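Thanks for coming, everyone. I have a few slides on one model, so please look at the sequence and the structure first.

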Amino acid sequence: MSDPADLHPLWLGDKPLVLASGSATRFALLTAAGIPVEVMRPEVDERAIADPQEAQGVAADQIARSLAHAKALAVSKRVLDRIVIGADQTLALGKILLHKPADRDAAAEQLSRLSGRTHVLHSAVVIARSNKTIVSFVGAARLTMRRLSPAMIDRYLDVSGDAVRVSVGGYQLERAGMHLFRRITGEHTAILGLPMLETLAQLRRLGLVAE
């Protein structure tokens, strides 16, 4: 068993945290906070989980929670003795949910719909151990986009390239997407997909990070 201090002075677990996500942003947020992380991609059909719930009118935050739960448990059953974090995010424009755009045209259509309007990002986190959920929460942020001309949308898409397909809404706030917004309310890391203040608070409650 490793000495926790060998991993990071702030981390009290005897093994690295397992991140059930291939998100480079979530990985970077955790490691920047001194959390040693091992990545294990979950084998989850997101659309098979989310689409039926969306059709039934399930709230966007609950869909995000369901996806995070599925990802956390999919990995947790493979590493029963480890702490696993699963996370997912939904974008709600009123009662309409937007998904990751398939291509440039889809991204342009999403940005046109979001232009001049306020949408909500729901970022869900599930912490699991031994194939059981031990913590579950959802953070939210409200983002108001500037009114964007077709020319500005084209310019943004030219600058961003294939990155627009990575994130729901067709933007990444940590990159050129910052140019698209007029007002943002909520924790920045929740917008990036992992609400770090609450995540660290829950890990602290579990005795896994230093008080």
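Start with helix H5, residues 104-114: its buried residues are Ala107, Ala108, Gln110, Leu111 and Leu114. Seen around the axis, they cover an arc of only 165°, so they sit on the same side of H5. That arc is taken from the directions from the helix axis to the C-beta atoms. Buried means under 20% relative accessible area, exposed means over 50%, and partly exposed is in between, with a 1.4 Å probe and protein chains only. Helices (H or I, at least four residues) and strands (E, at least two) are DSSP runs, numbered from the N terminus.

Ground rules. This is a predicted model, where local features need pLDDT of at least 70, side-chain atom pairs count only at pLDDT 80 or more, and totals for chains, interfaces and linings use all residues. Residues are numbered from 1 along each chain as its sequence is written, and side-chain values use heavy atoms, with hydrogens and water left out.

Back to H5. What do its buried residues pack against? The partners are E3, E4, strand E5 (118-129), strand E6 (132-145) and helix H6 (150-160). Contact here means heavy atoms within 4.5 Å. Now the two ends. At the start of H5, a side-chain oxygen of Asp103 comes to within 3.3 Å of the backbone nitrogen of Asp105. Just after H5, Gly116 has a positive phi of about 75°.

Stay with E6 for a moment. Thr144 is in that strand. Its relative accessibility is 4%, so Thr144 counts as buried. The side chain of Thr144 makes a polar contact with the side chain of Thr118, at 2.6 Å. A polar contact is a pair of N or O atoms within 3.5 Å; within protein, one must be able to donate a hydrogen and the other to accept it, and residues adjacent in sequence count only if both atoms are side-chain atoms. Leaving aside neighbours within four places in sequence, Thr144 touches Arg117, Thr118, Phe181, Arg182 and Arg183.

Next, helix H2, residues 24-32. Its buried residues are Arg26, Leu29 and Leu30. Down the axis of H2, these fall within an arc of 95°, so they line one face of the helix. Ala24 and Ala32, on the other side of H2, are exposed. The buried residues of H2 pack against strands E1 (17-19), E2 (37-39) and E3 (84-93), and against helices H7 (188-192) and H8 (196-205). At the start of H2, a side-chain oxygen of Ser23 reaches to within 3.3 Å of the backbone nitrogen of Thr25. After H2 comes Gly34, with a positive phi near 85°.

Ala33 lies between H2 and E2. Its relative accessibility is 25%, so Ala33 counts as partly exposed. Beyond four places in sequence, Ala33 is in contact with Leu10, Met196 and Leu200.

Last, the largest pocket. Its volume is about 930 Å³. Which residues lie nearest its centre? Of the 39 lining residues, those are Arg26, Lys100, Val166, Ser167 and Val168. E3 gives the most to the lining, with five residues. The lining divides into 18 nonpolar, ten polar and eleven charged residues.

Methods. 1 Å grid on protein atoms, 1.4 Å probe; cavity = no way out; pocket = protein on both sides within 12 Å on 5 of 7 lines; lining within 4 Å. Points joined across faces, edges and corners; volume = space filled by probe spheres on them. Nonpolar A, V, L, I, M, F, W, Y, C, P; charged D, E, K, R; others polar.
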